[in-house]
Amino acid sequence: MKEFILYTGCTTPVRLPAYERAVEVVLEKLGVKLTTMKDANCCGAQYIESVNHVAYSAMSGRILAIAESMDMDILAICGACSGSLKHVKHELDNNKELRNEVNDILEEEGLKYTGTVEVKHLLQIFREDIGYDAIKSAVVNPYKDVRLAAHYGCHVTRPEEIVHVDDAENPTIIDRIIEAVGGIPVDYTGKTRCCGGPLLAMDEEVANAIGRDKIENIRAENADGIVTACVFCDIQLTQVQFGEGSNDKPKIPVITLPQFLGPAIGIDFNSLGIHLNKISPEAILEAH
Amino acid sequence: MTKKASSALVVGGGVAGMQAALDIANQGFKVYLVERSPSIGGRMAMLDKTFPTLDCSACILTPKLSEVSRHPNIQLMTLSEVGSVTGSAGDFKVKIRRKARYVREDLCSGCGDCEANCPVEVANEFDQGIGFRKAIYALFPQATPHIYTVDKENCTDCGRCVKVCERNAIDMNMKDKFVTLDVGTIIVATGFELFDITQYPRLGYGQYPNVIHAMEFERLINAAGPTHGHLVRLSDGKKPKSIGFIQCVGARDVQKGVPYCSRVCCMYSIKNAVMALEHDPQAEVWVYYADIRAFGKGFEEFYEMAKSRFGVRFVRGRVAEVMEGKASHDLVVKVEDTVTSKVRLIEHDLVVISPGVIPSSGMDTMAKKLGIDQTDDGYIEISHSFFGPTVTKIPGVFVCGCADGPKDIPDSVSAGSAAAMKATIILSSGGK
C-alpha cells in the first residue's frame, strides 16, 4: 500500500473541509494510505512570498523537512500549496546558498532539508500512483449522461517544467478521470485560464469578472457541473455565482474531484461531505 | 599537379541548390544534385505567389526546374541521401544512397496511367496533408524529373499500376542502391522546416480545424492545390469572410528555443493577406504582428500597398489566445493592441499562423558527416559573417540557402551563386 503524508494547507480545513475528508476516503478506497502532517504551518504562498523570499522558502522548507523527518512523500491538495512546495523544493535543490539559509532557520527546531522527499499534487496520485485503469475497475456505480467541465487551476499545472503535474496548456488528468467514471468531459473556451481568485485581494471587480467569464464559457457548453482540483479555485468559482454582479441564470455546481469520484466507487454522500457544498451537486452525483 | 577535381556535389534541390548547380554546370563542371524527395523544387514549388511582386511562384520556378534537369552537366539524383563522406577539398568521396523508387527512371515517361489506376489514397505531404495523392505518385504537376514514385508504405501491392504501365517501367522488386561519387567540392543547400506550432496550444493549431498555418494557406490558394485554388475553411468548406494572420509564432521566442527572427514571415504574411483579398475583396483581413520587418528591395512599398490599396488591417500585438465556438468553429483572437494599450477580441472565420523557420530535420547528422559546425540555433556555422557567408570551416564545403539561416528567395539565389563561385574556384585550381 502506498503511503503519503497529507499536507492540507490552511484554507482547506477551514473553508472546504469536505474536500479534505473526500480526499482521505477516496484515496483509502483506492489503496493509498494517508497520514496527516502534525504541527504544520502555512506554505507561505503569495502572502509571504511577496514580502520575503527567504522567509517564504523557510516556511515551505519546514513542511518539506517535517516530511523528511517522517520519511514520507508529501501529498498536497491545494494548488497554491503544491505550487509553493514544488517551487521551494526546486530552489533548495538548486540553490545551495538558499538551502543553507533555510537550514540555519530550521536548525532551531532540529529540522533539516536534504531533498529526499517528493511533493505530489492530488492529480499526480491519481495518474501515477493509482492509475486510470485502477480507477475504472474500482467503479461500482458509473455516471450516465452527465457533462462535466474540468478546471485545473494555474498553480496545479504551471510552470510545467517545475511542477511536472500535467501538460499545462492541454491538461487531461481530470478529464480522463471524469471519463473513467462514466461522465462526459466537456471542453470549453479558456479551459486553462485562471479562476481569478488570486486577484481578489487587489481588485475584486476584475477577479470576479474573470471568474464569471469562466462560468459563462462553461455554461455555453451546457455542462452540468465543474470539477476542480484546488481549494481556491473551487471557492472562487462558487462565490462568483453569488452576490452582486452575478446573473440569475441557474447556478452551476462546483465539485472537488474526489467528491465527484467518490459516489462512483461506492462512497456515500455523507462521508464525502456533499451537504456542505454551497451549490448542491446532488443532481449530478445521482445521475447513474 | 594533383588529380584535377572536375565535379561538384550539391546537397538539396531547392531554389538555392538549383542555382548553385546551374552556376557550376554552366562553367563546364559536372554537378551531382542530390535531393531527398522525389522531385527538385523545394519549398518554392509549394508556394502560390512570391513577395513583393506577386509573381506566380511556379511560373518563375518551373523553367528553372527544366533547365536543371536538361543541363548536360547536371546529374539529378532524387530520392537520394548522403551517406558517409571522406577525403578533403579537391578529392571527396561521398557515398549516396539512392532509394528504391520502384519505377525505372530510364523507362517512365510520366504519362500518369499508373496513378489513375491506383486505388490507394493517402494524405498528400506536398499539400501539407490537406489533399490526397495516390500510392504511386508525382509530387506536383511539374515534378522534376517527371517520374512516378511508389510509396511502399501505403502500397497494397495490388498490381494494377504494373499491369497498366505500357512501358513496363514499374519494378516492385527494386532495391536501394549505393553509389560513391568523387567530387572536388560539396555545397550544402538543405533548406529549412517550419516550426512545429502545436507547441503553442493556446493558438489552437491542431485542435481547431479553422486554424491553419501559412504553408497550408499557400496550398489552399494554389490552383494546383487540393481545392483548386478555392480559399475555404477546413471545417465546413465555407469561404472565410474574416481572416486573421498571426505573426512571430516559433520565431523571436526565447522560451521555445527560437530567439532569432525568421526574416520571411512578415513578408509572406503580407503577401498572403493581399492574396486573401485578391480572392475575396469583400473579406476582412487582419495581421497581428510584433513589428513589421520589411527590409528588402520593394518590401516597404509592398507593405504600404497592402495597407493603403488593399485595406489589410494591421494590429501591433502578439496574440495571447485563439478561442473557438464549439458549434460554429468560428474563432476569436485575443490580443493586446500595443498601440492603443487595449485588449481586443476580434472574430475570424479563419486564422492563419505564420510559423518561424528552423533548420531542416537531419541537419545534425549532415553536419557531423561533413565535419562542419552548427550554431546554437542548429544552422550551419559560416566562417565569417562578413566575408565568408557561404564558407564553412571545412575547406571545399560550402553552404547556401536556408541551411545557414532563414532567407527569402532572392537571398537564397544570391547565396546559391556565391557558393557556386567558391566551389568553382576550387575546381578551377584543380582542387587546391
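In the predicted model, helix H3(A) meets helix H4(A) through Ser57(A), Ser60(A), Gly61(A), Ile63(A) and Leu64(A), which face Ser84(A), Leu85(A), Val88(A), Lys89(A), Glu91(A) and Leu92(A) in H4(A). By class, this contact comprises five nonpolar, four polar and two charged residues. The axes of H3 (residues 53–70) and H4 (residues 79–94) of chain A come within 9 Å and cross at roughly 95°. Because angles of 65 to 115 degrees count as roughly perpendicular, H3(A) is described as roughly perpendicular to H4(A).

The contact between the two chains takes six residues from chain A and five residues from chain B. On the chain A side, the residues that touch chain B divide into three polar and three charged, with no nonpolar residue.

Chain B is assigned two domains, of which domain 1 spans 7–99 + 176–191 + 360–428 and domain 2 spans 196–356. Taken over C-alpha atoms, the centres of these domains of chain B are separated by 31 Å. Their contact draws eleven residues from domain 1 of chain B and 18 residues from domain 2 of chain B. The side of domain 1 of chain B that touches domain 2 is made up of six nonpolar and five charged residues, with no polar residue.

The largest nonpolar core holds 134 residues, among which Ala21(B), Leu33(B), Ile187(B), Val188(B) and Cys400(B) touch the most other members. Helix H6 (residues 265–279) of chain B provides the largest share of this core, nine residues. Both domain 1 and domain 2 of chain B give residues to the core, which therefore lies between them. Beyond its neighbours within four places in sequence, Leu33(B) is in contact with Val10(B), Gly13(B), Gly17(B), Ala21(B), Ile40(B), Val68(B), Ile74(B), Leu76(B) and Met77(B). A second, separate core of 84 residues includes Tyr19(A), Val23(A), Val231(A) and Ile274(A).

Gly184(B) occupies the loop between strand E10 (177–183) and strand E11 (185–188) of chain B. This residue, Gly184(B), is buried, because 29 other C-beta atoms lie within 10 Å. Although 176 residues apart in sequence, Gly184(B) and Ala8(B) are 5.7 Å apart in space, C-alpha to C-alpha. Apart from neighbours within four places in sequence, the contacts of Gly184(B) include Ala5(B), Ser6(B), Ser7(B) and Ala8(B), together with Gly90(B) and Asp91(B). Further contacts of Gly184(B) are made with Gly396(B), Ile426(B), Leu427(B) and Gly431(B).

Conventions:
Residues numbered from 1 in each chain as written. Chains lettered and ligands numbered in written order. Predicted model: local features only at pLDDT ≥ 70, side-chain atom pairs only at ≥ 80, totals over all residues. Axes fitted to C-alpha atoms, helices over the stretch in contact; angles between N-to-C directions. Helix = DSSP H or I, 4+ residues; strand = E, 2+ residues; numbered from the N terminus. Parallel < 35°, antiparallel > 145°, perpendicular 65-115°, else oblique. Contact = placed C-beta atoms within 7 Å. Nonpolar A, V, L, I, M, F, W, Y, C, P; charged D, E, K, R; others polar. Domains from an automatic or database assignment. Buried ≥ 20, exposed ≤ 12 C-beta atoms within 10 Å, placed from the backbone. Core = buried A, V, L, I, M, F, W, Y, C linked by C-beta atoms within 7 Å.
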